[in-house]
Structure formats: structure tokens, C-alpha cells
Amino acid sequence: MQTNPAHTSLVAVGDSFTEGMSDLLPDGSYRGWADLLAARMAARTPGFRYANLAVRGKLIGQIVEEQVGVAAAMGADVITLVGGLNDTLRPKCDMGRVKGLLTEAVEQLAPACKQLVLMRSPGRQGPVLERFRPRMEELFACVEELAARHDALVVDLYGAPALSDPRLWDVDRLHLTAEGHRRVAEAVWQALGYEAEDPDWHVPPPPALPPGWVARRVADVRFTRQHLLPWIGRRLTGRSSGDGRPAKRPELLPYLMDTTE
């Protein structure tokens, strides 16, 4: 692993995970691990530039069509690519097509940057993960193979005990909390060769008493009404939460430090 790296630019490619949901800021926007990582890198490197092309709800085909070519043309030092997980959650998922599109993305991005970063995405404990685990693990096996072939880094979030802990997931049960995103930023930071700020990022929070039966039922009802039913509705109508939404940071520009980060 490289030590004391000197990266001058970062481009993030992906879906809601990379956009930063659900690390909500007071102004209603999302921060997330990629912004946190960019802030750290910018603090070390004057003139550091950052772009985040991620848009929530995007499938791997949309990521390839809308983001990959743009990212490759930017010529950044580091590009992060996380995609395909939304596809695995669809009832009719062609894993052969998903892996083919992921391969296409990596083949375009790897030669276009100094370091491509891929990930084994985190998965929350619970029945949803168990239902889709075989597809997820097939996707992650493809990620490992592509990384070995193209000299990319793989950040293993799927194997980190902390990131399967439900306490690090938002009430929608699909996106990480602010603390979850902080830990992901730390994981990528270390994978890139920077000195660890939190060596124990992968360790779960201290044990706590589980919520009671009533609290769990109230949470289940709220989750179903506010998140699950709308998600099912979008699937049935072919809509996406990212329809018409622009990229988060579409241009590779100097990262201006925010004192709130």
C-alpha cells in the first residue's frame, strides 16, 4: 500500500450510497462518505479538485451511460465506482448483464485515472439482506475479479461487522447514517494509503439494550408507510427516486473547505 499519498483530485461515480443518503445536512442536502473523503484529501493538498456524479436510484446501465464516460474524461487521480446493488434488489435481475456492464465501466475508468477504487458494499442485518445475499455476493465476486485484472483497490465494507449493525442504518433501512458514512470514508481513506484516523472503524458500536416489542412494531409501521410502500410503488411504475435529478457535483472543481464538516 502506498504511504503518504499525494492525490490532487477525486471523482465519485455511483448511486444513492455515493450521493450520501442518508447523511442529511441542515439545508436538506446530503453529505456522505465521498464528501467527507474529499474534505480530508483537500485538507492535505492545496487546490484539490472533486466531482461527485452520483445520483440516487441509478442502475448500473444508467451509471455506465450517464456517468462513466464523463468521469473518464476528467482525468482524476482517484475515481471511485460503486454500482450494481440497486439492480440486485430488482425482482427481475439479469446478473450476467449487470456484471457485463460493471466490466464495461471498469474497463473505461481504470485507464483514465491513477487509482480506481471499487467496493464490496455494506449490507444491513435482516431478512432483506438474506433474500438478496446470493446476488450481492455474485456481484462482489465480479468486483474482486475486475480489481485483480485492472489493478484497482477493493474496499471491503460488506465484511465489516460495524456496517452490518442496524444502528448504523437510517430508518429507511437502505442507507447509512452519518456515522456509517464516516466509517466508510475512513475505510477508503486507509485503503488509499493515508494514515488511519480511526483504526477501529470496522468495530461495531458498544452493545446496547435492544428496543422493546412496541418500539420495534412502531418502527416497522413507520418504515412500511414512509419507505417500503413508496419504493414498491416506484418499482411497479418503472420510476426512480433519481429521475430528473442532476449529478451532485457535476464538474471537477476545487473543493472549498466547509467549516461545518
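The model is predicted, so local features need pLDDT of at least 70 and side-chain atom pairs count only at pLDDT 80 or more, while totals for chains, interfaces and linings use all residues. Residues are numbered from 1 along each chain as its sequence is written, and side-chain values use heavy atoms, leaving out hydrogens and water.

## The chain as a whole

Let's start with the overall picture. The chain has eight helices and six strands (helices are DSSP runs of H or I with at least four residues, strands are runs of E with at least two, and both are numbered from the N terminus). From the N terminus on, the order is β-α-α-β-α-β-α-α-β-α-β-α-α-β. Of the 261 residues, 49% are buried (under 20% relative accessible area with a 1.4 Å probe and protein chains only; exposed is over 50%, and partly exposed lies in between). Among contacts between residues at least 6 apart in sequence, 77% join residues at least 24 apart (a contact means heavy atoms within 4.5 Å).

## The sheet

Six strands form an open, mixed sheet in the order E5-E4-E3-E1-E2-E6 (two strands pair if DSSP finds at least two bridges between them). Strand E5 (153-156) and strand E6 (249-254) are the edges, each pairing on one side only. From one strand to the next, the twist averages 15° (axes are lines fitted to C-alpha atoms, for helices over the stretch in contact, and angles run from 0 to 180 degrees between N-to-C directions).

| Strands | Sense | Bridges |
|---|---|---|
| E4 and E5 | parallel | four bridges |
| E1 and E2 | parallel | four bridges |
| E1 and E3 | parallel | five bridges |

Strand E1 is mostly covered, with six of its six residues buried. Ser9, Val11 and Val13 lie on one side, and Leu10, Ala12 and Gly14 on the other. Ala12 stands opposite Asn52 in E2, and its bridge partner in E3 is Thr80.

## Helix H2

Helix H2 (residues 33-44) has 12 residues and reaches 17 Å from its first C-alpha to its last, close to the 16 Å expected (1.5 Å times one less than the number of residues). Because 10 of the 12 residues are buried, H2 is largely enclosed by the rest of the structure. Among the buried ones are Trp33, Asp35, Arg40 and Met41. The buried residues of H2 pack against elements including strand E1 (9-14), strand E2 (49-52) and helix H7 (178-191).

The whole structure holds one cavity of 30 Å³ or more (on a 1 Å grid over the protein atoms alone, a set of points where a 1.4 Å probe fits but cannot get out; lining residues have an atom within 4 Å of a point). The largest cavity has about 60 Å³ of space (points are joined across faces, edges and corners, and the volume is the space filled by probe spheres set on them). Its lining includes Leu81, Gly83, Met119 and Ser121. E3, E4 and helix H6 (127-150) each give two or more residues to this lining.

Ser121 sits in the loop between E4 and H6. Ser121 counts as buried because its relative accessibility is 6%. Not counting residues up to four places away in sequence, Ser121 touches Val82, Leu85, Phe140, Leu157 and Tyr158.

Technical notes
1 Å grid on protein atoms, 1.4 Å probe; cavity = no way out; pocket = protein on both sides within 12 Å on 5 of 7 lines; lining within 4 Å.
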